[in-house]
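Subject: Structure handover

Hi,

Here is the structure you will be working with. My notes on what turned up follow below it.

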Amino acid sequence: MPPKRTGTKATANSPAGNSTSPQLVNAVLLSVAVSYGLYILVQRGRVSWPPHDLLAGIYTLAGCLALVGPVVLARVDSGERGLGELLWMTGGLLLWVFNATAMARGSWRMEAWATPLGYEAMGMTMLAVLLAGWRCRLGSRSWSWTNVTGWILGLFWVAMAFSTFMPARFPGLASR
């Protein structure tokens, strides 16, 4: 019996009908975000060895990833979303809103585009979203890359906020 042939007719919604695949566009968006974050760090002179400002550098990269989050998540197929995606979307929209407000006031600076909020404000906002999402039982337990990325960003922002409560140097850990 001859094998069955399926039609290869491309539709507008199928990947064969698109000139670029969604995964490629997402990869390009994420690459541009990380490259822009590294560019900011190099411009500020924050890239050095040993990395004394490692957490500040990671915070800048997290801000750049947050900026592309709403664009990436808007392109993902509709379906059940996870709490991590809610964190990523909220963080990104929060940065976009703060940047738009700064532009409207005329106090917008290109250097602060990725980090318009301090550690404490961003982290406590993400903690509130995280607790509200848990309380409302939002999202699924999916392990999609967007959900995992959102969890990593959200927990990083919360950890950075809690790090502001710690003393600069712990007694007993100072070098002698």
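Helices are DSSP runs of H or I with at least four residues, strands are runs of E with at least two, and both are numbered from the N terminus. On that basis the elements of the protein chain run α-α-α-α-α from the N terminus on. That is five helices and zero strands.

Two points on conventions. This is a predicted model, so local features need pLDDT of at least 70 and side-chain atom pairs count only at pLDDT 80 or more, while totals for chains, interfaces and linings use all residues. Residues are numbered from 1 along each chain as its sequence is written, and side-chain values use heavy atoms, with hydrogens and water left out.

Confidence

pLDDT is the predictor's confidence in each residue, from 0 to 100. The chain mean is 78, and 76% of the residues reach 70 or more. Over residues 5-18 the pLDDT is below 50, and this stretch has four contacts in the model beyond near neighbours in sequence. A contact means heavy atoms within 4.5 Å. Residues 172-176 also stay under 50, with two contacts beyond four places in sequence.

Overall packing

Buried means under 20% relative accessible area, exposed means over 50%, and partly exposed is in between (1.4 Å probe, protein chains only). Of the 176 residues, 31% count as buried. Take the contacts with a separation of 6 or more: residues 24 or more positions apart account for 76% of them.

The expected span of a helix is 1.5 Å times one less than its number of residues. Helix α1 covers residues 22-44, which makes 23 residues. Its first and last C-alpha are 33 Å apart, close to the 33 Å expected. Its buried residues are N26, A33, G37, I40 and L41. They pack against α2 and α5. Just after α1, G45 takes a positive phi of about 75°.

Helix α5 (145-163) has 19 residues and reaches 27 Å from first C-alpha to last, close to the 27 Å expected. Its buried residues are T146, N147, G150, L153, G154, F156, W157, V158, M160 and A161. Their cover includes α2, α3 and α4.

E85

E85 sits in helix α3, residues 83-105. Is E85 buried or exposed? E85 counts as buried, at 5% relative accessibility. Its side chain makes a polar contact with the side chain of T146, at 2.3 Å. (A polar contact is a pair of N or O atoms within 3.5 Å; within protein, one must be able to donate a hydrogen and the other to accept it, and residues adjacent in sequence count only if both atoms are side-chain atoms.) Leaving out residues up to four places away in sequence, E85 touches L73, S144, T146 and N147.

Aromatic pairs

Rings of Phe, Tyr and Trp (its six-membered ring) pair if their centres lie within 6.5 Å; planes under 30 degrees apart are stacked, over 60 edge-to-face, and the rest tilted. A search of the whole structure finds four aromatic pairs. One of them is Y59 with Y119: edge-to-face, 4.6 Å centre to centre, 90° between the planes. Y59 lies in α2 (residues 54-75) and Y119 in α4 (residues 119-135), so the pair ties together parts that are 60 residues apart in sequence. Y59 is buried at 7%, while Y119 is partly exposed at 29%.

Cysteines

A disulfide is a pair of cysteine sulfur atoms within 2.5 Å. The count by this rule is zero. C64 is buried, with a relative accessible area of 2%. C136 is exposed, at 53%.

Best wishes
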